[in-house]
Amino acid sequence: MSIEVRALNKRFGQTVVCDNLSLDIPAGELVALLGPSGSGKTTLLRIIAGLEVADSGSVHFHGKDATHTDVRERNVGFVFQHYALFGHMSIFENVAFGLRVRPKATRPAENAIRKKVTELLELVQLGPLAGRHPHQLSGGQRQRVALARALAVEPEVLLLDEPFGALDAKVRKELRRWLRRLHDEVHVTSVFVTHDQEEAMEVADRVVVMNQGRIEQEGAPDQVYDHPATPFVLQFLGDVNLFHGRVGLAAGEAGYVRPHELDILPESADGTLPATLAQTLTIGPHTRLEFRRPGDEGTIDVEMLRADYVALRDRLGLQVGGSYHLKPRRVTRFTASD
Amino acid sequence: MSAQSLPGAKPGLAAAAASEGVPSVPRRKSTDEPAWVRRLLIGSALAFLTLFLFVPLGTVFYEAFRKGAAVYLAAIVEPDALSAVKLTLLATVISVPLNLVFGIAAAWCIAKFDFHGKNLLLTLIDLPFSVSPVIAGLIYVLVFGLQGWLGPWLHEHDLKVIFAVPGIVLATVFVTFPFVARELIPLMQAQGIEQEEAARVLGAGGWQIFWRVTLPNVKWALLYGVILCNARAMGEFGAVSVVSGHVRGQTNTMPLHIEILYNEYQFAAAFAVASLLAGLALVTLVLKYVVEQRVKASMKVQHEH
């Protein structure tokens, strides 16, 4: 089921959290709402779910106006940031909840519920834990229970609020791959909120970058990364060096260069910048080199693979305090008014 | 987790120190006081407890049985005493369920919704705690008494509130009102509304959410509140004393009956009835302790989420 959001506005007191938002989410896609905290992404998600009411504007499900439809009738699955599992119920009963509360006429028979819940627990790989209670599970397991519970009612739209936010780094990585695979299996239209660009890039078919209640850009992850529409998008999606009036920029233009798109040369050449190596830092397979520019003392970060760094160090005799020349391979330009 | 692994690390350290030939000193935390200070503090606390709690409590039972079991039994099966017990139970049986419902409703309102005047409502709920019970009783006399606002109308319709059972129930309801609400509000506020939202998205209606999600989450705190409410309802003296009129065999509750017996120098009888009340209090205490452990456990589970 596709989702269309039209001219949505929402404010909390004086704060505008949704500023005339319009967005199309095609059926079957996995979309990330990406933005810093306070950018309105969670509110947008909650308005789509029907947990929050917009001041104006409309939400359509598959072309049908759902703006005033009650949460219960929207047939959405919602996964809460802190899972909101029912603490006094077993994992099995948590997943079965959505089926048990249905009116008698549409409620499945007990053995049908049992079968469905067992299937879902298998799907999220928690079959053996059906009898446990939420507090006996790890964060990652709780997250999967929350997902199974949301899927039990066969929602047409799955909404996830910072689904991996409360997990540690390793579990987060595993779970997001798993979510990607799950979506490929289940194919329900899914929207998830995140402030982690890496997560959005890895999991989503499409990324919607939000800032201060507005959509800055939407598109496929590669497209958004390679062709950022605004300086905000560029800066939010990764580290970047900012240049004014250098590297062949016209007046009033600002140039942005990603740290991994800079070459280090021993001699000055066309379009290079002189800089002094201030320090090097190796984190895992990557090495980050911090350069200082001569006059204004601004810093430029250069990033490369550790192996490349070792080769370069041996070839150029790189050392802290030495003077080198940096040549950008790619410059993204915005006029300063942006 | 870290708190659990910490004590495990200590014996290792001690063993290492011992193997280096350092004489092992009894371990003392930096917050521990010297032994004599600890003994003095614990001793004075015990002395205080003995003097002000154990001795009086023991006295109640000692005095009650001093003249033998026959006198004890006679004091309890005496019609006026039985009537007082019945009235106390009646007032309790009416006021506890009422305050159970009021308390849940108020806590639900305050914890799950945002509205203007929320703080005012919170303050009002605390009113029975902050007002002297005598004032609480007087309020009802002023409203329902013969000279009060509604007195003449009530008199015309032959309804008796003050110096009758309804007044006693009203006064009991008033003084016990905050117990359930006060117990539930902090827990429900800590739990937030995420689970209710989750239930709603899954298609549950208002009553289903209440019965299946909200209520089970607070059941131990609720029971704890009910136990406190019950203890106070049975033991309330001041407010009930003002509205009761002390009509023997009719409007005397157990605490009032005890006072009358005592004032009439019937010490054995007074202590016999008092021992009943004290026994109820002891049972309540045990229940309270058990439930308290469960509340703590459920708070802890909540915290881990």
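Start at A:F243. Its bridge partner in β12 of chain A is A:G255. This is a predicted model, so read every value as computed.

A:F243 belongs to strand β11 of chain A, residues 241-244. That strand pairs with β12 of chain A, residues 253-257. The pairing is antiparallel, over four bridges. Now look at the side chains of β11. A:N241 and A:F243 point to one face, and they are buried.

Next, the open sheet in chain A. It has four strands, in the order β2-β1-β4-β5, with antiparallel pairing. Which strands stand at the edges? They are β2, residues 15-25, and β5, residues 64-65. Each has a single partner strand, so one side of each is left without a neighbour in the sheet. Take the β5 end. Strand β4 of chain A, residues 56-61, runs antiparallel to β5, and two bridges join them. There, A:F61 stands opposite A:K64 of β5.

What lies across this sheet? Helix α1 of chain A, residues 41-49, lies across β1, β2 and β4. The helix runs at about 120 degrees to β1, which spans residues 3-12.

On to the cores. The largest nonpolar core has 47 residues. Which members touch the most others? A:V95, A:L121, A:L147 and A:L158 do. Helix α4 of chain A, residues 139-152, gives this core its largest share, seven residues.

Leaving out residues up to four places away in sequence, A:L121 touches A:I91, A:F92, A:V95, A:L126, A:G127 and A:A130.

Now the backbone. Two residues other than glycine deserve a look. A:A84 has a positive phi of about 50 degrees, and it is not a glycine. A:A84 sits in the loop between β6, residues 76-79, and α2 of chain A. Buried or exposed? A:A84 has a relative accessible area of 5%, so it is buried.

A:E154 lies in the loop between α4 and β7, residues 157-161, of chain A. Here the relative accessibility is 53%, so A:E154 counts as exposed; the cut-off is over 50%.

One more loop. A:T106 is found between α2, residues 91-100, and α3, residues 110-123, of chain A. Its relative accessibility is 49%, so A:T106 counts as partly exposed. How far is A:T106 from A:S323? Their C-alpha atoms are separated by 75 Å, and the two residues are 217 apart along the chain.

Last, the interface. In chain B, 19 residues are in contact with 27 residues of chain A. Between them the two chains bury about 2100 Å², 60% of it on carbon and sulfur atoms. How many salt bridges are there between chain B and chain A? The count is two. In one salt bridge, the side chains of B:E197 and A:R46 meet at 2.5 Å, N to O.

That's the tour. Over to you.

Conventions
Residues numbered from 1 in each chain as written. Chains lettered and ligands numbered in written order. Predicted model: local features only at pLDDT ≥ 70, side-chain atom pairs only at ≥ 80, totals over all residues. Heavy atoms only, no water. Buried < 20%, exposed > 50% of the residue type's maximum accessible area, 1.4 Å probe, protein only. Pairing = 2+ DSSP bridges. Core = buried A, V, L, I, M, F, W, Y, C linked by side-chain atoms within 4.5 Å. Contact = heavy atoms within 4.5 Å. Axes fitted to C-alpha atoms, helices over the stretch in contact; angles between N-to-C directions. Buried area = accessible area lost by both parts, 1.4 Å probe. Salt bridge = Lys/Arg side-chain N within 4 Å of Asp/Glu carboxyl O.
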